[in-house]
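I opened the notebook to look up a few things in this structure, one at a time. The entries follow in the order I made them.

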Amino acid sequence: MFVLVEMTDTVRIPPWQFERKLNESIAEELNKKLANKVVYNVGLCICLYDITKLEDSYIFPGDGASHTKVHFRYVVFHPFLDEILIGQIKSCSQDGVHVLLQTAFSFPSGREDCALCCFSIGFFDDIIIPPESLQQPAKFDEAEQVWVWEYETEEGAHDLYMDIGEEIRFRVVDETFVDTSPTGPSSAEASTSNTTEEVQKKEAPYTLVGSISEPGLGLLSWWTNS
């Protein structure tokens, strides 16, 4: 799910940071630039792992800042295809089940009765499980706004609801990267209405497509042994 990616960038350090250690200033600037950003065909950047090499720093005429070429490794969220992940159902729509991924953190609490404080935080929610990739047969309940697996048994069909907030296990089957870099102004021939529609149809830079159409996948509560 998380990978280390080798990267290279030129980092600008303003003069008022010269009193700090160079590594600390560079690390801070790299995290400002990359953390929580999607790099095209790479993934969602999480945090700096380490700096492997610093080249010579230069100060250019008219700019008092230093410019340093840096080689570093960054922690990136980029699950491989067919990887099994566990997330939380964020919402449901006619398009499918939308999933939120969370990660857990812990830190010393400073209290005698509780050594560690633990919490989880959602960090990625551009995940969709389309209707054809759900456990079948499935239907969308318009009233409840949730998907339902019509589970067949000897006693008949039982409706298993995919409620919001439930934990769900899914397989990553596809990924899509969209280049969201700024583009030049639209041509004079394009109408104002078309431009407005393009803005409204803004796409996520990185999207995962999941599937739960096999035994063991779906809500964790479905497969819990009694």
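Two strands count as a pair if DSSP finds at least two bridges between them. The model I am reading is a predicted one. I looked up an open sheet of 3 strands and noted its order as β8-β9-β10, with antiparallel pairing. Why do β8 and β10 each have one side left without a neighbour in the sheet? β8 (138-141) and β10 (156-161) stand at the edges and each has a single partner strand, so one side of each has no neighbour there. From one strand to the next, I noted a twist that averages 35 degrees.

I then checked the pairing of β8 with β9, which covers residues 146-153. The two strands are antiparallel and pair over 4 bridges. For Ala138 I looked up the bridge partner in β9 and found Trp149.

Entry on the loops around β8. A cis peptide bond joins Gln136 to Pro137, with omega at about 0 degrees. In the loop between β8 and β9 I looked up Gln145. Gln145 is not a glycine, yet its phi is positive, at about 60 degrees. I wrote Gln145 down as partly exposed, because its relative accessibility is 36%.

Entry on helix α1. I noted that α1 runs over residues 22-34, which makes 13 residues. From its first C-alpha to its last, α1 reaches 18 Å, close to the 18 Å expected at 1.5 Å a residue. Which residues of α1 are buried? I listed Ser25, Ile26, Ala27, Glu29, Leu30 and Leu34. An α-helix has 3.6 residues a turn, so residues three or four places apart point the same way. I also looked up what the buried residues of α1 pack against, and found β1 (2-13), β2 (38-39), β3 (43-59) and β4 (66-77).

Just after α1, Asn36 has a positive phi of about 65 degrees. I found a positive phi of about 65 degrees at Asn41 too, although Asn41 is not a glycine. Asn41 is in the loop between β2 and β3.

Entry on the nonpolar cores. How many residues does the largest nonpolar core have? I noted 29, and the residues with the most contacts inside this core are Val97, Phe124, Met162 and Phe170. At least two residues of the core come from each of β5, β6, β7 (116-129), β9, β11 (167-177) and β12 (206-211). Apart from this core lies another one of 14 residues, among them Ile26, Leu48, Tyr74 and Val76. In soluble globular proteins, nonpolar side chains tend to be buried together.

Entry on aromatic rings. Searching the whole structure gave 12 aromatic pairs. Phe72 and Tyr74 are an edge-to-face pair, at 6.2 Å centre to centre and with 75 degrees between the planes.

Trp149 and Tyr151 form another edge-to-face pair, at 4.9 Å centre to centre and with 65 degrees between the planes. Trp149 has a relative accessibility of 8% and so counts as buried. Tyr151 has a relative accessible area of 37% and is therefore partly exposed. I also looked up a cluster in which ring pairs link Phe2, Tyr40, Phe77, Phe123, Phe124, Phe177 and Tyr206.

Entry on Asp95. Where does Asp95 lie? I found Asp95 in the loop between β5 (84-93) and β6 (96-108). Exposed means over 50% relative accessible area. Asp95 counts as exposed because its relative accessibility is 56%. Leaving aside neighbours within four places in sequence, I found Asp95 in contact with Ile128, Ile129, Pro130 and Pro131. Asp95 and Phe140 are 45 residues apart along the chain, and their C-alpha atoms are separated by 9.8 Å.

Conventions
Residues numbered from 1 in each chain as written. Predicted model: local features only at pLDDT ≥ 70, side-chain atom pairs only at ≥ 80, totals over all residues. Heavy atoms only, no water. Axes fitted to C-alpha atoms, helices over the stretch in contact; angles between N-to-C directions. Expected span 1.5 Å × (residues − 1). Buried < 20%, exposed > 50% of the residue type's maximum accessible area, 1.4 Å probe, protein only. Contact = heavy atoms within 4.5 Å. Core = buried A, V, L, I, M, F, W, Y, C linked by side-chain atoms within 4.5 Å. Phe/Tyr/Trp six-rings, centres within 6.5 Å; stacked < 30°, edge-to-face > 60°.
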